[in-house]
Amino acid sequence: KHRTGAQALTVKRPTGEPVPFAIIRAFIPEINQEIKSVVADAFGRFFLLTPPGTYYITVDEKLPDETYKKIYQSPALDLKNGVLTSDLVV
């Protein structure tokens, strides 16, 4: 069960194609400390809930050889409710 109002977001390419099994991480910018990570499902869907604050988000793509590569880093985002509210286009 997810908290009321939490929307499943999608990590996707500019073409709209999802990025399956990507790892989405939230970091505290001042100290570059990871505070939360979630793994997207086969359709690129994920939920990311954090304490309210300012974070930057990274996305690691799963490669065919099962390793991961960082493909995206957001600017610092002010997540007032601790909820990322828009899809990640990487």
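The model is predicted, so local features are reported only at pLDDT of at least 70 and side-chain atom pairs only at pLDDT 80 or more, whereas totals for chains, interfaces and linings use all residues. Residues are numbered from 1 along each chain as its sequence is written, and side-chain values use heavy atoms, with hydrogens and water left out.

We can begin with the strands, which are DSSP runs of E with at least two residues, numbered from the N terminus. Three of them form an open sheet with mixed pairing, in the order β4-β1-β8. Both β4 (45-46) and β8 are edge strands with a single partner strand each, so one side of each has no neighbour in the sheet. Pairing here requires that DSSP finds at least two bridges between two strands. Strands β1 and β8 run parallel and are joined by two bridges; Val 11 has Leu 88 in β8 as its bridge partner.

Turning to charged contacts, a search of the whole structure gives seven salt bridges, each defined as a side-chain nitrogen of Lys or Arg within 4 Å of a carboxyl oxygen of Asp or Glu. One of them joins Asp 87 to Lys 12, with 3.3 Å between the closest N and O atoms. This pair links distant parts of the chain, 75 residues apart: Lys 12 belongs to strand β1 (residues 9-12), while Asp 87 lies in the loop between β7 (77-79) and β8 (88-89). Asp 87 is partly exposed at a relative accessible area of 32%, and Lys 12 is partly exposed at 24%. In these terms, buried means under 20% relative accessible area, exposed over 50%, and partly exposed in between (1.4 Å probe, protein chains only).

Lys 80 and Asp 78 form another salt bridge, their closest N and O atoms being 2.8 Å apart. Lys 80 is exposed, with 62% relative accessibility, whereas Asp 78 is partly exposed at 48%. Arg 25 also bridges to Glu 34, at 3.4 Å between the closest N and O atoms, and a network of salt bridges links Arg 25, Glu 34 and Asp 60.

Finally, the surface carries a nonpolar patch of Phe 21, Val 39 and Tyr 68, with about 270 Å² of accessible area together. Such patches comprise residues with over 30% relative accessible area and no salt bridge, with nonpolar side chains (Val, Leu, Ile, Met, Phe, Trp, Tyr) joined within 5 Å and like charges within 9 Å. Accessible areas come from the Shrake-Rupley method with a 1.4 Å probe; for residues, only the protein chains shown count as cover. Tyr 68 is part of strand β6 (residues 68-73) and counts as partly exposed at 34% relative accessibility.

Note on methods:
Helix = DSSP H or I, 4+ residues; strand = E, 2+ residues; numbered from the N terminus.
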